[in-house]
Amino acid sequence: MTSPVSRLSISHFLCFLPSFNPKPLKLTSISHRRQFSPSLCQPRSELSFTVGTHLIPHPAKVHTGGEDAFFVSISKGGVLAIADGVSGWAERGVNPALFSRELMANASNLVMNEEVNCNPQMLLMKAHAATSSTGSATAIVAMLEKNGVLNIANVGDCGLRIFRKGLLIFTTSPQEHYFNCPYQLSSEKAGQTYHDAMVCSVKLLEGDTIVMGSDGFFDNVFDHEIVAVISQFKDAADDAKRLADLANTHSTDVNFDSPYSLEARSRGFDVPLWRKVLGQKLTGGKPDDITVIVGHVHELHTGYLEESEAVTADLSPLF
Ligand SMILES: [Mn+2]
């Protein structure tokens, strides 16, 4: 017997905690496939992406499309971004999707801004400043430079992994005030800002696979499961769909010992003592909006350019 971890709050808490400015890190179902190439006014990238995306809303939010928002763009070397609207705003009569969708729409429109210049932290700053909706959201942005360097800025608990030859070579770490209360860009002054973003850069190689997701993905799928999927299929859209489907299956499985339940137990959440004596423990996936973006890294050549498509912005998915 197990208890679903979903008995814990499955909504991000609103956090009205003061922002602080840590030292910047000095290292810096819908499926789409997009082949990225550099914009016409930019030198050709040495590397480019083939990107697949998939979003599955929370089971109770299918009719609204959920509160995750994302976009991918061919501008510059390629841009990937996800925002996860903090659902606790619903308790205040605010639609939590408005902030995340407007944030991503603004970011999409600002990609070519001169001051942004492939700096995702600057993009978050400008997009946040331009967002007027009430609410808050976690957000992650990755921008590819022409030299193959992927610049990443992350506020909260969305995530990005890079896999090379079947091995995890890079991962972001969630930022949170306390369990289930991530850092978040907010309409309120007490929220976090671009200053709080974890910022880093990674040199990509041909054959690398980027997996970006909202917490609803990474809370329900282990890294070794990601490797199993991406090593089996070669199509980014297929990868994204299969990964999202896997997360969705786990999210409603009360017996699955998910990354979320492992984390919950490590924070002291568990079944009552009398049930622990019986050998039971807190398990289960976490129902949530699930967004996955998969990027396959290729060396750029003419064949990819032929398939280049217009900027895509999936800010308000239809179901
Ligand atoms: Mn979420």
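A nonpolar core is a set of buried Ala, Val, Leu, Ile, Met, Phe, Trp, Tyr and Cys residues joined through C-beta atoms within 7 Å. A residue is buried if 20 or more other C-beta atoms lie within 10 Å of its own, exposed if 12 or fewer, and partly exposed in between, with C-beta atoms placed from the backbone. This is a predicted model: local features need pLDDT of at least 70, side-chain atom pairs count only at pLDDT 80 or more, and totals for chains, interfaces and linings use all residues. Residues are numbered from 1 along each chain as its sequence is written.

**Exercise 1.** Find the residues with the most contacts inside the largest nonpolar core.

*Solution.* Step 1: this core holds 71 residues, and those with the most contacts inside it are Ala81, Leu124, Ala139, Val141, Leu243 and Ile293. Step 2: strand S6 (residues 136-144) gives the most to the core, with 7 residues; strands (E, at least two residues) and helices (H or I, at least four) are DSSP runs, numbered from the N terminus. Step 3: leaving out residues up to four places away in sequence, Ile293 touches several residues, among them Val51, Phe70 and Met212; contact requires C-beta atoms, placed from the backbone, within 7 Å.

**Exercise 2.** Decide whether Cys118 is buried or exposed.

*Solution.* Step 1: look in the loop between helix H1 (96-110) and helix H2 (120-130) for Cys118. Step 2: Cys118 is buried because it has 21 C-beta neighbours inside 10 Å. Step 3: its phi is positive, about 65 degrees, although Cys118 is not a glycine.

How values were computed: Contact = placed C-beta atoms within 7 Å.
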